[in-house]
Amino acid sequence: MTASASNSLITVNPDELRFQFELEKQTYCDLKVLNNTENYVAFKVKTTSPKKYFVRPNTGVVHPWDLCIIRVTLQAQQEYPPDMQCKDKFLLQSTIVNPNTDVDDLPPDTFNKDGEKSIEDMKLRVVYISPMSPQGSTEDDTVKNSTQKLDANSSETVQRLKEERDAYVLQSRQLQQELELLL
């Protein structure tokens, strides 16, 4: 079972980026970002080593109760890091934005920390796994299998999640109307 990191706006799974490290091979890790709120939440991904990683999408807006998958790709490396240790880190920032905001509509200062808006930071560390280690091969098989399943079922899952979200939003509105009638 994979761990997840959470703050009040979003939950991220897994809570660290694990890459099976092989020389001259590109590898990736998918992050699932779940919006825990009834608000639209914008996110931005930053890293201490932007030339080593390719992040898509690196900025986005997650609808209420919806899910977004961010793919972080480690570019092919020419040498092994000392002791297979990695000091790279990622910062995932999130903040509430206006309803129906699209990623293209985000102002440039969306993630600037000023007194008006609240920005939540989530730090994620990077772990390299040797392909020779039992942990590496097991993890790699698990990631491959789950990625294949994710790719095969992603459109169905996204559709189901959107339908569930819509049902919850409708139920919430109905409850709000009932509450207003009672008051």
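Begin by selecting strand 5 (40–47) and strand 9 (89–97): in this predicted model, the two run antiparallel and are joined by eight bridges. Within this pairing, select Phe43, whose bridge partner in strand 9 is Ser94.

Five strands form an open sheet of mixed pairing, in the order 3-10-9-5-7. Strand 3 and strand 7 (59–62) are the edge strands, each pairing on one side only. From one strand to the next, the twist averages 25°.

Now display the side chains of the largest nonpolar core, which has 27 residues. The members that touch the most others are Leu17, Phe19, Tyr53, Ile70, Val72, Phe90 and Leu92. Among the elements giving two or more residues to this core are strand 3 (16–20), strand 8 (67–74) and strand 10 (120–129). Centre the view on Leu17: leaving aside residues up to four places away in sequence, Leu17 touches Cys29, Leu31, Val72, Phe90, Leu124, Arg125, Val126 and Val127. Another core lies apart from the largest one; this second set has seven residues, including Tyr40, Val97, Phe111 and Ile119.

Finally, turn to the second largest pocket, which holds about 370 Å³ of space. Select Glu38, Pro64, Trp65, Val169 and Arg173, which lie nearest the pocket centre among its 16 lining residues. Strand 9 and helix 1 (134–182) are the elements that give two or more residues to this lining. Helix 1 gives the most, with six residues.

Methods:
Residues numbered from 1 in each chain as written. Predicted model: local features only at pLDDT ≥ 70, side-chain atom pairs only at ≥ 80, totals over all residues. Heavy atoms only, no water. Core = buried A, V, L, I, M, F, W, Y, C linked by side-chain atoms within 4.5 Å. Buried < 20%, exposed > 50% of the residue type's maximum accessible area, 1.4 Å probe, protein only. Helix = DSSP H or I, 4+ residues; strand = E, 2+ residues; numbered from the N terminus. Contact = heavy atoms within 4.5 Å. Pairing = 2+ DSSP bridges. Axes fitted to C-alpha atoms, helices over the stretch in contact; angles between N-to-C directions. 1 Å grid on protein atoms, 1.4 Å probe; cavity = no way out; pocket = protein on both sides within 12 Å on 5 of 7 lines; lining within 4 Å. Points joined across faces, edges and corners; volume = space filled by probe spheres on them.
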